[in-house]
Amino acid sequence: MFVGALSHIFSVLLVSKMQVERGQSLWIYTLLLNFLQLWGQLSASTSPPPLPAPILDIYSRSKGSVVLVCRAPKGHQGLHFKLYRDRENVDSQELQSAAVEVQFTVAVKEEDSVKYFCCLYTGQDGRYSLFSPYLQLEQPKETGPTPSMPSLPTPVLSVKPSTGVVKRGDTLSFSCSLPLLSQSQSQSSYGNKPVTFFLLRAAEHTGATSIILQPRASQVSNPEPQLGLFTLGPVRGGEGGEYTCLYQITKKRRVVNSTASNMVQITVADALPVPTLILQQQTDVWHLLCTGSPAYPGAVFSLYLADNELPVATHHTTLIQHQTIFPVPVQDAPVTLYQCQYDVLLGGKWSNSARSLPLTVTRGNPPPSSTDRLGVDWPLVLGAFSAVVLCLCSVALVVVVAHRKVKAAAEEKKKRQEAQFWTQVHAKDHVVDLTLRRTSFTSQEWASVDTTTETRSRLPLWNSLSTFTTPIH
């Protein structure tokens, strides 16, 4: 910081030396300068070195003011920039984050013929830089008007499809072409100069302008006009808006822009279902029935003659209707083709559907449409058939489920009855004692056995293995 202040005093003394009056001795300034240089060398040994000096230059000039730019050297940035006029600090800018350069606006007065300006900056560590070399700012002299650059020819912008109406998924192809000029005009305007084309788009809702660049074309080696080709796609829905183009050439180390081309409007149409147009009779009067999508009620329907841009009639339906009836127009030709379409307001923008298939109507007694002749409304028939099939399937499902439940209940009942039967059967059984006895007897026992046998022979017979109570004789 101290060295920076010494450098500032040294620079001021240099300026003052140029402005001293005649007869004033220069040896005093020489002595002071030598003393200050010696003092700066002694103090530099104990303080960090200052940052390198910035560069002060003229950024732009206008009547009554000049914009100066104080630029730090390469690899350095500053947080605080100061501008000095001679020895006076006239302006300063303290930044939130480090920057390479800042601009100062200085008022220019006619009474001040010559001014000297310099600047310095402080780094992120708080160190001051050296002062920039003084910039001598003089009052501009009155000169004649500078010759303006010759204006460049206006380009022409075209697009495919030429209508500018595209659907989602389509591709846009822009062509920015230079107008056809004579050979001398072409060579004088952009001969042997690199040409760069730009495509500009203004968004529909916001109006914000965006630039679509094209790689710089190769140098033009012939007077033929160059084409700037731009391709956008597939369209996603945000490409709608106004498009224009321009081109640049470099002439005498200056970049010159052409004027903007004509405007091209691009509209992205949402894919609405195609309507249907049929001829029907109501109370001996023939009508044209245009039916749109039930998902978009309250649409605006239009009736067109085939290959005609203007509608013959337009009807606005209610919020619950998706179709409308047009009376058959009075026609001069014996056979006329009609089409219809509908427009829906989606997101603040009108979206139109494609036109229906052409319907042929003859003059006089128009023949009934195919639907009327057959007397069959196929959509209604298919819908009723689908409802019947669904109802039958539901009934069959209910019958199958009920049958399975009844069968399971019957099997369960049968099992219960069998279990009850076997329970009753086992309840009637008797327990039989089949204890084995010895078969050898003594002589006395044989005599008693014979007596017992005779006694038992008179008793009725009993089968111990029988479950019945009836005795056996």
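Residues are numbered from 1 along each chain as its sequence is written, and side-chain values use heavy atoms, with hydrogens and water left out. Because the model is predicted, local features need a pLDDT of at least 70 and side-chain atom pairs count only at pLDDT 80 or more, whereas totals for chains, interfaces and linings use all residues.

The predictor's confidence in each residue is given as pLDDT, on a scale from 0 to 100. The protein chain averages a pLDDT of 75, and 66% of the residues score at least 70. Helices and strands are taken as DSSP runs, numbered from the N terminus, with at least four residues (H or I) for a helix and at least two (E) for a strand. On this basis, confidence is lowest in helix α4 (residues 370-374), with a mean of 46, and highest in strand β19 (residues 300-305), at 94. The pLDDT stays under 50 over residues 1-6, for which the model has 15 contacts (heavy atoms within 4.5 Å) beyond four places in sequence. It also stays under 50 over residues 369-374, for which there are 7 such contacts.

Strands of a sheet pair through backbone hydrogen bonds, either parallel or antiparallel; here two strands are taken to pair if DSSP finds at least two bridges between them. An open sheet of 3 strands has the order β1-β2-β5, with antiparallel pairing. Its edge strands are β1 (55-62) and β5 (101-107), each of which pairs on one side only, and the twist from one strand to the next averages 25°. Strand β2 (residues 65-71) is joined to β5 by 7 bridges, and the bridge partner of Cys70 in β5 is Val102.

In soluble globular proteins, nonpolar side chains tend to be buried together. A nonpolar core is defined as a set of buried Ala, Val, Leu, Ile, Met, Phe, Trp, Tyr and Cys residues joined through side-chain atoms within 4.5 Å, where buried means under 20% relative accessible area, exposed means over 50%, and partly exposed lies in between (1.4 Å probe, protein chains only). The largest core has 22 residues, and those with the most contacts inside it are Leu157, Leu172, Phe174 and Ile266. Among the strands that each supply at least two residues of this core are β8 (156-160), β10 (172-177) and β14 (241-251), and the largest share, 4 residues, comes from β14. Beyond four places in sequence, Phe174 touches residues including Leu157, Leu199, Phe230, Tyr243 and Ile266. A second, separate core of 17 residues includes Leu51, Leu56, Val66 and Cys70.

Most residues other than glycine have a negative phi, and most peptide bonds are trans. A cis peptide bond joins Lys160 and Pro161, with omega at about 0°, and Pro161 lies in the loop between β8 and β9 (165-167). Asp86, in the loop between β3 (78-85) and β4 (88-99), has a positive phi near 60°. Asp307 also has a positive phi, of about 65°, and counts as exposed at 80% relative accessibility.

A search of the whole structure finds 3 disulfides (pairs of cysteine sulfur atoms within 2.5 Å). In one of them, the sulfur atoms of Cys70 and Cys119 are 2.1 Å apart, and the torsion about the S-S bond is about 85°, so this disulfide is right-handed. The pair links Cys70 in strand β2 with Cys119 in strand β6 (residues 114-122), 49 residues apart, and both cysteines are buried. Cys176 is joined to Cys245 by a disulfide that links strands β10 and β14 across 69 residues. A disulfide also joins Cys290 to Cys340; Cys290 lies in strand β18 and Cys340 in strand β22 (residues 335-346), so the pair ties together parts that are 50 residues apart in sequence. By contrast, Cys118 is in no disulfide, and the nearest cysteine sulfur, that of Cys119, is 7.1 Å away.

Key
Axes fitted to C-alpha atoms, helices over the stretch in contact; angles between N-to-C directions.
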